[in-house]
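Visitor: I would like to learn how to read a structure like this one. Please take me through it step by step.

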Amino acid sequence: MIIGVPKEIKNHEYRVGMVPASVRELVNHGHQVVVETNAGLGIGFTDEDYVAAGAAILASAEEVFAKAEMIVKVKEPLANERARLRQDQLLFTYLHLAPDLPQTEDLVKSGAVCIAYETVTDDRGGLPLLAPMSEVAGRMSIQAGAQALEKSRGGRGVLISGVPGTDPAKVVVIGGGVVGSNAARIAVGMRADVTILDRSIDTLRRLDAEFGGRAKVVYSTADALERHVLEADLVIGAVLIPGAAAPKLVTADHIKRMKQGAAIVDVAIDQGGCFETSKATTHAEPTYIVDDVVHYCVANMPGAVARTSTFALNNATLPYIIKLANKGYKQALLDDKHLLAGLNVMHGKVTCKEVAEAHNLAYVDPKALLGA
Ligand SMILES: NC(=O)C1=CN([C@@H]2O[C@H](COP(=O)(O)OP(=O)(O)OC[C@H]3O[C@@H](n4cnc5c(N)ncnc54)[C@H](O)[C@@H]3O)[C@@H](O)[C@H]2O)C=CC1
Ligand SMILES: CC(=O)C(=O)O
Ligand SMILES: [Mg+2]
C-alpha cells in the first residue's frame, strides 16, 4: 500500500502522523511511504531522516494526497485538506466529528473511508488511540491553568501550591478518566487542594485507592458540581461520552457566579467543550475572559509538546497502521471490532451512531457497508 504523511497545518501543530521509525516499520512490511517535505521538521526530523527510513519526499500536500491510498495524520483535516480526499481513500487521524458539522459533511461528500483515532476501542473499555494524548493534555492542563491564574493573564493571582502559611489553589477536575486522573496527579504533586468529580462509581473507587485522600473524589450530581465549581480557583473540564458532543455541565450562570479571576481549562473542547461559555482557541491566543473567568480552550493541547506527543501517539497508532496497510481496510475492519468502532464515515455514509445523532444524519451499520 502507498501511505501518505502530510505536514500538519493547524495553528502551532508540530506533531506528525509518522516518525521515521514508524516509516521504517511500514517499509519493512513491504509498503511505500510518501512524506511531505519538512513534515517532521518542527520536532527535529529532517527529510533526510525520512529518506534514511525508506520514505520518498514529496514537495506538497497536494502530491501526498494524490499519491497515497492511506493518509496518516494527527489532527482533523481542515477544509483544504478535505477537498483533496477522494472516493475510497483511507484517512486515519483524529476527527472529533460530533461538534463539527462542516467537517462531517465534507467527509461524507468525499466518499473516503474515515477512521477516527478517538473512537477506536479496546477490550478493557478504553480508547487506546486517544489515551496517550489525554495523558499529555491532562498533565498539561495544570500548567496551562497555573499560567491562567497569574495576574498578567487576568487570573486571580493564586500560586497553585501556595507557600507555608497560605492556602493552595482549589482545583476541581470534572471527569476522572485519562485526562482527569493525569490532571489530578500533577495537581496533587503541586500540593493543590484537589477534588475530582465523576459519575462512574468504579472510577471514583479507583481514584480513591490511588490518591489515598490526597484528592477528594465526589459523585458528580448537578448539586455537587455547582458547589465545587463555585468554590474553585481552577476547574479542569475532562468529561467524555465517546463519539458524542460533550455535555455542557458548567453553565454561563455558574461562570458568572465563580470567583473573580478563577480559571477554567476545557480539555473536552475537541468534543465541543463542557462549559457553556467555551469556544475553541489556539496556541497563538490560548485564553479569553468571560465574566472575569479566564478560559483556556485549546483543542490541540498536545501540539505544544509535539515531540513527546508524537512519540506517544505513534507508539499507539503504529500497530493499527500496519494492520490497515497489510490487510487493506475492509479485512482489517472486519477482523477487529475495536478498529471498526473507529470507522466514522465511509463511502458517503455516517457509520458512528453518536456522530449521526449529533447532526441528525442517517446512521448506517458499518458491517452492512463492508458486506459482512
Ligand atoms: N484539548 C485537547 O488537546 C485534548 C482533548 N482531549 C479530550 O479530553 C476529553 C476527555 O478524554 P479522556 O479523559 O481520554 O476520556 P475518558 O473516557 O478517559 O474519561 C472521561 C470521563 O468523563 C466521565 N464523565 C462522563 N460524563 C460525566 C459527567 N456528567 N460528570 C462527570 N464525569 C463524567 C466518565 O465517567 C469518564 O471517567 C475528550 O473529549 C478528549 O477528546 C484529549 C486529548 C487532548
Ligand atoms: C486528542 C486531540 O484532539 C489531540 O491530541 O489534539
Ligand atoms: Mg464572576
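Visitor: How many residues of domain 1 are in contact with residues of domain 2?

Guide: Contact means heavy atoms within 4.5 Å. By that rule, 18 residues of domain 1 touch 15 residues of domain 2. Before we go on, note that this is a predicted model, in which local features need pLDDT of at least 70 and side-chain atom pairs count only at pLDDT 80 or more, while totals for chains, interfaces and linings use all residues. Residues are numbered from 1 along each chain as its sequence is written, chains are lettered from A and ligands numbered from 1 in the order in which they are written, and side-chain values use heavy atoms, with hydrogens and water left out.

Visitor: Which residues belong to domain 1 and which to domain 2?

Guide: Domain bounds come from an automatic or database domain assignment. Here the assignment gives 2-120 + 305-369 for domain 1 and 131-299 for domain 2. Their centres, taken over C-alpha atoms, are 30 Å apart.

Visitor: What area is buried between the two domains?

Guide: Buried area is the accessible area (1.4 Å probe) that two parts lose on being put together, summed over both. Between domain 1 and domain 2 this comes to about 1,300 Å², with 67% given by carbon and sulfur atoms. On the domain 1 side, Asn11, His96 and Pro99 lose the most area, together 29% of what that side buries.

Visitor: How many salt bridges and polar contacts are there between the domains?

Guide: A salt bridge is a side-chain nitrogen of Lys or Arg within 4 Å of a carboxyl oxygen of Asp or Glu. A polar contact is a pair of N or O atoms within 3.5 Å; within protein, one must be able to donate a hydrogen and the other to accept it, and residues adjacent in sequence count only if both atoms are side-chain atoms. Between domain 1 and domain 2 there are zero salt bridges, but four residue pairs are in polar contact, both residues at pLDDT 80 or more.

Visitor: How many salt bridges does the structure hold?

Guide: The structure holds 18. One of them pairs Glu76 with Lys10, whose closest N and O atoms are 2.6 Å apart.

Visitor: What surrounds ligand 2?

Guide: A residue is near a molecule if one of its heavy atoms lies within 4 Å of it. Around ligand 2 are residues including Arg15, Tyr94 and Leu130. An oxygen atom of ligand 2 lies 2.7 Å from a polar side-chain atom of Lys75. For His96, a polar side-chain atom is 2.9 Å from an oxygen atom of ligand 2.

Visitor: Which residues come nearest to ligand 1?

Guide: Of the 28 residues around ligand 1, the nearest are Ser134, Val179, Asp198, Asp270 and Met301. A polar backbone atom of Met301 is 2.7 Å from an oxygen atom of ligand 1. Asp270 is also among the residues that surround ligand 2.
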